Each structure stands twice: as C-alpha cells, then as structure tokens.
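Trainee: I keep meeting labels in structure notes. Can we go through some and check each against its rule?

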Amino acid sequence: MTTIAVNGSVVHRHRAERGVVHLSLVAEGTDRETVVAEAEALHARVSEQATGHRRQGAATWWSAQDVTVGPVAEPPRWDADGTSSAPDPDLPARFRARSVVVVRFSDFAALSSWVSELARVDGVSVDALEWSLSHDSRAEAERAARVAAVADAVTRAGDYAEALGLSQPALVAVFEPGLRPGAAGGAATFGLARAAMSPAGGGGGFDLAPADIEVHAEISADFTA
C-alpha cells in the first residue's frame, strides 16, 4: 500500500459585478464653526446623491461611517541651518472636519459619471475604487473553486499512481489550508480588484477598466494506492 499526498489548487477569474467608491469629504479653515458648517453641507450634498443612486437602483448600498473634527497641527519651522523649531505661535489655529462616504454600485456607467462629477468638487477626495462580485455570485464562485481544487487533487493523485504503476488511488483525507496536522497556511482567498482609471476620450467621465476578480482555493489530500 502506497500513500500519495498531493495539493489541489485553482484560480478562477470572474467579471466584476460591483464597484465600491471610497470618498473623503474635508473642510478646513481658521473658524471652527464655519469649518463644521461647510463640512456638514458637503456631507449632506454627497449623501443625498448617494441616496438617489440607491433609490434609482444604480447603487446597492452606501454608508457614512466616520467623522473627525479637530485642530490641525501646524508643521515645525525649519531654519536656514536645517534645524527645526516650534510652529509660529502667531499663526491662527486651523481646524479640519472630515467624513467618509462609501457607495457600492452595480451600474458602472453611473459610477463613472459620479466619480467624474465628484472629482471637480472642492473638498472631495476619491480615495479608492474596489471591484467585487455580488454576494450571491461570490458564494457560488467560492463553492466552484473548492470543487475544482478537489478535482485537481484527484487528478494529481491519479497521475502519480499511473506513473508508479499503481492502481487507481483511493481518497483517505482532505485538508483545507492550515488544517493538516503540522502544516501552516491560510484559507481559500477571494481577491478584490482595483480599478484602472483614465480620462475618457469622449469627455464623459473616466473610463473604468476593472480587473477580473480572482477566486483562489487550495486543499491537500491523502490517497492510498
């Protein structure tokens, strides 16, 4: 009886179905009350637009998940000899208010148009675009990857058995990453893709070209032949 231990792995690629835009909304100035009022107005404007996209079906979800308000630390002064000294005490205190809005789109044309619009608004920073599958598609993609990883292990074991002149191997045990005794590793992974952005030639916003979503699965298995 011969024991054959193999790994099975797979990488499947899928077209992105959701685009998530991360926004920072910032107001800054020397009058705290004014700064807060400007930040609130900008936040209300962007939140109203996000709500509109959600109601129209272009977006599937949005959140306003963080607010910070406080003084801005003045940078140190640098002397001619390269040494630093304390900030100028005569400078007026500055304040900054920042909020974060995250919106998940299913309509990429609407996402492109909105990103282009927001890119022209003072106080708005487009921090990141991430791409993914829908929740249902993600679960199905992960399941298909796990099945394919097992099939890969079975094929590998059969190849080794044939090369050794052995009978068709019988499966004894299957281990997910990190579960085989004495082995380290992680679970199957689901890769988010970043967006490549470039100005659209027709002036209609940014051309968004999301990379495919990668779904990885890996197992190890023991066979006997």
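**Labels and their cut-offs**

Trainee: What makes Phe108 partly exposed?

Mentor: Phe108 has a relative accessible area of 25%. Buried means under 20%, exposed means over 50%, and partly exposed is in between, with a 1.4 Å probe and protein chains only. So Phe108 is partly exposed.

Trainee: What about Trp131: buried or exposed?

Mentor: Trp131 has 0% relative accessibility, so Trp131 counts as buried. A caution: this is a predicted model, where local features need pLDDT of at least 70, side-chain atom pairs need 80 or more, and totals for chains, interfaces and linings use all residues. Numbering runs from 1 along each chain as its sequence is written, and side-chain values use heavy atoms, without hydrogens or water.

Trainee: How many aromatic pairs does the structure hold?

Mentor: Two. Rings of Phe, Tyr and Trp (its six-membered ring) pair if their centres lie within 6.5 Å; planes under 30 degrees apart are stacked, over 60 edge-to-face, the rest tilted.

Trainee: Why is the pair of Phe105 and Trp114 called tilted?

Mentor: Their ring centres are 5.8 Å apart and their planes stand at 50°, so the pair is tilted. Both Phe105 and Trp114 are buried.

Trainee: And what makes Phe108 and Trp131 edge-to-face?

Mentor: Their centres are 4.6 Å apart and their planes at 85°, so this pair is edge-to-face. Phe108 lies in helix H2 and Trp131 in strand E7, so the pair ties together parts 23 residues apart in sequence. Helices (H or I, at least four residues) and strands (E, at least two) are DSSP runs, numbered from the N terminus.
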